[in-house]
Amino acid sequence: MQTIAAADSGSIGARGKSGRWKLIRGNLDMYLLLLPGLIFLLLFKYTPMYGILIAFQDFNIFTGISGSEWVGMSQFEKLLHSDDFFRVLINTLLISLYKIVLLFPVPIAVALLLNEVRRMFFKRTIQTVIYLPHFLSWVIISGLFVTILSPTGGLVNEVIVALGGHPISFLTDNRFFRSVVVFTAGWKEVGWNAIVFIAAVAGIDQEQYEAASIDGAGRIRQMFSITLPGIMPTIVLMFILRIGSLLEAGTEQILTMYNPLVYDNGDVIGTYVYRMGLGQQDYSFSTAVGLFNSAVGFVLIVIGNALSRKFLQRSIW
Amino acid sequence: MKMSTKGLQLTAVAALLAVTAACGSNGGNDAAGTASQGAAASPAASGSADSAGEKPTLRRLTVWQDQDPNTYPVAQMLEEKTGYKVKYDTLPQDKAADKLNLLMASGEAYDTVHYAADMALYSDYAQKGALTDLTPLIEQYGPNIKKAISQQSMDALKIDGKLYALPSMLTYKVGSSILIRTDWLDKVDMDMPTTTEELKAVLKAFKEQDPGGHGDQDVPLTMNGDNAFLDSIVGAFGMPNTWNDVDGELVPRLLDPSYKDYVGYMADLYKEGLIDNQFVVNKGATTKEKFSSGQAGAIVIHWADIPSIDEALKKNEPNATFAYVGALKGPGGEAGFSGNAGFDRLTFIPKASKHPEDAIKWIDATLEAETFKELAVGEEGVHYTVENGAFMPILPIFNDERNLANNYMSGTDEANYPLYWQARVHKNPVMFEAFDQLNNQQPDEVKISNPLGLAPYMPNYAKYNQQLETMVADYTIKLIAGADSLSGLDAFQAKYKAAGEEASAKEINDWYATAAK
Amino acid sequence: MRSRTLGDRTLDAFTYLVLIAMGLITLLPFANVVSKSVSEEWAIVSGKVGLYPIGFQLDTLRYVVTNSQFLHSLWISALVTVIGTLASLVVTAMTAYPLSKRELPGMGVIIVLFIFTMMFNGGIIPNYLLVRELNLIDHLGALVLPALVSVFNMLVIKSYFESLPASLEESAKLEGARNFTILFRIVLPLSGPVLATIGLFYAVYYWNDYFNPMIYINSTSLKPLQLYLQDIVMNADTSSLNRSAEELMNVPAEGVRAATVIASTIPILLVYPFLQKYFIKGVLIGSVKG
């Protein structure tokens, strides 16, 4: 954790009630600054939070929340006992983990490489180009991949055939489907996800590089001993937040890419619930599914934060 | 994460009930209840309108269109003819039902709402007390409505004896079939197939003799993965609709005795390379690409979709010709298309309307015979001409000023609308020919009406329908593509029954028994 | 210039090679959509348009950008984006600054309260009822206020503030400056890169937001561009065999869809290159600090 010097005459180590009170009184304007954000938080985030209760009800349209029957955890049991739940949970975790392991480092690497580019025009052009796919919807991107990956006349398979291989039906073969999902997700979002790291790199104190140069450090060494540590707080923050969405493996993406032949490996919680219309006429059930995802995500964030505090001495709170 | 549509609907209806309950507790007649609600909300704006004779601005909620509904020429024409100013809002294209539910639930004061004829949604709204009973209003203010809309149509929409909506009629029965390249047929020297066996022989000839001339790139029949049951073929196996009458009971396709035969036939086509081997990943656009680039010998397509592929195909292959395959006869001698049944759109007056009487007066004015004609097809000599009794559009002005006219209707002049409507089909001669072939040249007995077209809201069916249809579609696709075998059919049928089919079938057949009489 | 070591030169070669390759493959989808927007319809329908246009024409683009609803929606989107981004940036930075001072009592709890809402929310219905209570239905405020602070963005800014050298603020404190003054006079001027980043995130969010307008806006005259775009793209994506003839006859041509995508995406794409100079200005921190 970055240590921050005491903001006021009250010392940072001040213990006990009087010390805390002094700290508050000396920084009343800090709390004032917080006010708009807090009002927003309470009004727009916590006021509607009562909607979560629906997940524990058999929500009755005639009586609303106040008059609906409470059913405890039975909506969750319905989810956990669905025939295919185990399969889709495994798929969700696998695809999500592949995405984290393989894709999380890529934007960081891109930011590091871009930092080595000295030609501003080139740098800006690349930055702009690689973030373009973020702005196209999955429908468009998937449509394009169906064409590129087609076993009859698709670009990729023409290359494979030219190299003496046999055409591969990437999108209908359970062995390849997850790889395609991970790769295309990377393609679409790497440039966008790199932005926050590029900005972090820009915030690094330039004096450090000059000092290192004088000490005779090459650029590769500078990259690993100055740039990477310099953006570490951002990396840690992004990583903790990223694992919070572990159960969201890319519903919108997979919906546009999958088909019945690859359900065994490609069907995830979001697509399963959507396809089966499980939440239909059943607001309680869809709320329960959302709540399940949220609870898992929140626990992961809390754990991630604690581990990071312990081992990396950095934390979000 | 994505919000479930039906879940949202349900909750919305709940909120809606709270609103209507709060506002309409006096239990008096609808107009009075709504008027008092309006008066409470804004005393100046309502109530007095009827007596003072001043026409209020009406608010209409209609389906999505890609042009501003307030500036579209029909809006202005209607304002002149009816004397009412109307402010039009549109639902989104995506998640339209969600939005409609929110608006209905929150008591947004629309005077007329125009939406797809979703009978389940309609009967649900009506039963929850969200809609105004139109019967007394029509009695008092609706002479043109009574003339335009048949008693039969009104009866079909009655719920517990009350009428809550006015229907826009369906104007045609059959939408899609297999479109086949007739020049390929000539090249392989074969006739238009009339049975499933002949179709198979034709597709085989397409494969072996390669009349398209692109070798391996060519596909005898292209289809897409969203569509496991091909029109015309599935009818040949006696299952044109999702639920079909088997010995007096409605049975879903999976449990139909012919299911095995249909799947067997299709799987055979696939195995022999007669169906696009990429059909599982194909989207509608992909199949159209293959057909219009001249690489497919046949495609399943709606006739209204034909203009888009016709132009492209003619550019790529100037000598290409095509025609629809009629209702193929199957091994059991059956044949048929799924026939549209029920209505196209419904227009209703929400309970929250502040001007129900003016709304009905406005609707009545739009259904006056001449006004309705001008609404539907415009002015003679400007928008259309009449040739041999057929309404022919004048292009491009008909496109610009009347393409979206049906969004402005609140019910239709049932005696004349089918005739007016054909002006739209005449916009493109190729489209008209295809439409004519399916709807006029095919005998009536092969247009088998969807028995569920007029079915009311049935809670279990509504709840399980999507899951059941998805299960069957996915399973069928796997069977056709050879990724699963029919040996597991019994087990899958059992799973299917348990997933809600039994509950739905009971509801459906209870209703069917009373409706069939 | 300092002499280049072998390592440095290898690094350079590697960097350029990788980045150029990435740039090329990420350009593909966009090139495809751009090509479609200026190709002739028959070529698009028959799947002939790949990375370059076939039968070049600009009529489709012209048709799209002269559509009065497109222009009006463009204006609404621009308005919401500019106002929303500025308001969000100010409030988010104001929130992030106190939260970056974790030694102040209560801040840790408040951070957790914020993070909790990243995962948990009440769902559409309670949100709709709230917005309705606030009289914001069919009001552009409904597009800004419920999205005013993104917790993700707030955490990024907070993390940046935490990494600023503490000595800067200390010296100002000693001169008697209030926190308020320090934030606006010292901290924010040093936060170019992060403010540019978060400004971009907010701008893209407001520009691309489709869901809030769909739920909260009824009047055609207040619909932003994404709603219009989504409707056009959705219109053509729905499986065609289940649709009515009227709908099919009015489905926009594929070229029109592509042109609409391009015309409604380019304005927001232009924001990033413009902001990039602030990414570089951030390099000056060291010299400001002196």
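A compact globule of 317 residues would come out with a radius of gyration near 20 Å, but chain A of this predicted model has 25 Å. The C-alpha trace of chain A stretches over about 70 × 65 × 30 Å along its principal axes. As for what's tucked inside, 42% of the 317 residues of chain A count as buried.

Chain B comes in two parts. Domain 1 takes in 5-172 + 342-369, while domain 2 is made of 176-339 + 454-515. Where these two domains of chain B touch, six residues of domain 1 are in contact with five residues of domain 2. On the domain 1 side, helix 6 (residues 119-127) of chain B gives the most, with four residues. Sorted by class, that side of domain 1 of chain B has three nonpolar residues, two polar ones and one charged one.

In chain C, one residue gets a closer look: C:Thr92, which sits in helix 4 (residues 68-99). C:Thr92 counts as buried because it has 28 C-beta neighbours inside 10 Å, and the cut-off for that label is 20 or more. Setting aside neighbours within four places in sequence, C:Thr92 is in contact with C:Val149, C:Asn153, C:Met154, C:Ile157 and C:Ile198. C:Lys158 lies 66 residues away from C:Thr92 along the chain, yet the C-alpha atoms of the two are separated by 9.2 Å.

Key
Residues numbered from 1 in each chain as written. Chains lettered and ligands numbered in written order. Predicted model: local features only at pLDDT ≥ 70, side-chain atom pairs only at ≥ 80, totals over all residues. Domains from an automatic or database assignment. Contact = placed C-beta atoms within 7 Å. Helix = DSSP H or I, 4+ residues; strand = E, 2+ residues; numbered from the N terminus. Nonpolar A, V, L, I, M, F, W, Y, C, P; charged D, E, K, R; others polar. Rg over C-alpha atoms; globule rule 2.2 N^0.38 Å. Buried ≥ 20, exposed ≤ 12 C-beta atoms within 10 Å, placed from the backbone.
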